[in-house]
Amino acid sequence: MTIGISSKSGNKGSIRLTCRFDFNCIREFKTLYEPLLNDASVTAIEVNMSGVEYVDSSALGMLLALRDKAKGLRKQVTLNECRGVPRQ
């Protein structure tokens, strides 16, 4: 399953999610953000949520974990293009 892509431009890393963002995505989400956290030249990570059609509590926990890890490395995390109310 592919949940999204990650890329880097200058000092900004981007993750574009295109999935049903739930517990089943934990491992793949980590593979998207860990290289960006480990790259010293990246100071900001943007998570584009435009392709997300469903979010559960596990996904929210993954986003909080990313935020906490990034904060410890003095990197900023932003969520972009969040749409409406996710389906339950």
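A residue counts as buried when its relative accessible area is under 20%. Aspartate 22 has 9% relative accessibility, so aspartate 22 is buried. The model described here is predicted.

Where does aspartate 22 lie? Its place is the loop between β3 (20-21) and α1.

Arginine 20 has a relative accessibility of 44%, so arginine 20 counts as partly exposed. Aspartate 22, in contrast, counts as buried at 9%.

## Salt bridges

Side chains of opposite charge can pair when their charged atoms come close. How many salt bridges does the structure hold? The count is four.

Aspartate 39 and lysine 8 form another salt bridge through their side chains, with 3.1 Å from N to O. This pair links distant parts of the chain. Aspartate 39 sits in the loop between α1 (26-38) and β4 (44-48). Lysine 8 sits in strand β1 (residues 4-9). Aspartate 39 is partly exposed, because its relative accessibility is 24%. Lysine 8 is partly exposed too, at 44%.

Lysine 12 and glutamate 46 also meet in a salt bridge, at 3.3 Å from N to O. Here again the pair joins distant parts of the chain. Lysine 12 belongs to strand β2 (residues 12-17), and glutamate 46 belongs to strand β4. They are 34 residues apart. Glutamate 46 has 18%, so glutamate 46 counts as buried.

| Salt bridge | N to O distance |
|---|---|
| aspartate 39 and lysine 8 | 3.1 Å |
| lysine 12 and glutamate 46 | 3.3 Å |

## Cysteines without a disulfide

A disulfide is a covalent bond between the sulfur atoms of two cysteines. A search of the whole structure finds zero disulfides. The cut-off for a disulfide is 2.5 Å between the sulfur atoms. Cysteine 25 is likewise in no disulfide.

Cysteine 19 is buried, because its relative accessibility is 7%. Cysteine 25 is buried as well, at 0%.

## Two helices side by side

Two packed helices are described by the angle between their axes and the distance between the axes. At what angle do α1 and helix α2 (residues 57-72) pack? The angle is about 20°, and the axes are 11 Å apart. Angles under 35 degrees count as roughly parallel. The helices α1 and α2 are therefore roughly parallel to each other. Their crossing is right-handed.

Which residues meet between these helices? From α1 come Ile26, Phe29, Lys30, Tyr33 and Leu37. From α2 come Met62, Leu63, Leu66, Lys69 and Ala70.

## Strands and a loop

Serine 14 is part of strand β2. Its relative accessible area is 17%, so serine 14 is buried. Leaving aside neighbours within four places in sequence, serine 14 contacts Ile5, Ser6, Ser7, Leu36 and Glu46. Glutamate 46 is the salt-bridge partner of lysine 12.

Alanine 44 is in strand β4. With neighbours within four places in sequence left aside, alanine 44 contacts Asn11, Lys12, Gly13 and Gln76. How far apart are alanine 44 and lysine 75? In sequence they are 31 residues apart, and in space 5.2 Å, C-alpha to C-alpha.

Glutamate 53 is in the loop between β4 and β5 (54-55). It counts as partly exposed, because its relative accessibility is 44%. Glutamate 53 and threonine 18 are 35 residues apart in sequence. Their C-alpha atoms are 8.0 Å apart in space.

How values were computed:
Residues are numbered from 1 along each chain as its sequence is written. This is a predicted model: local features need pLDDT of at least 70, side-chain atom pairs count only at pLDDT 80 or more; totals for chains, interfaces and linings use all residues. Side-chain values use heavy atoms; hydrogens and water are left out. Helices (H or I, at least four residues) and strands (E, at least two) are DSSP runs, numbered from the N terminus. Buried means under 20% relative accessible area, exposed over 50%, partly exposed in between (1.4 Å probe, protein chains only). Axes are lines fitted to C-alpha atoms, for helices over the stretch in contact, and angles run from 0 to 180 degrees between N-to-C directions. Angles under 35 degrees count as roughly parallel, over 145 as roughly antiparallel, 65 to 115 as roughly perpendicular and the rest as oblique. A crossing is left-handed if the near helix is turned anticlockwise from the far one by less than a right angle, and right-handed if clockwise. Contact means heavy atoms within 4.5 Å.
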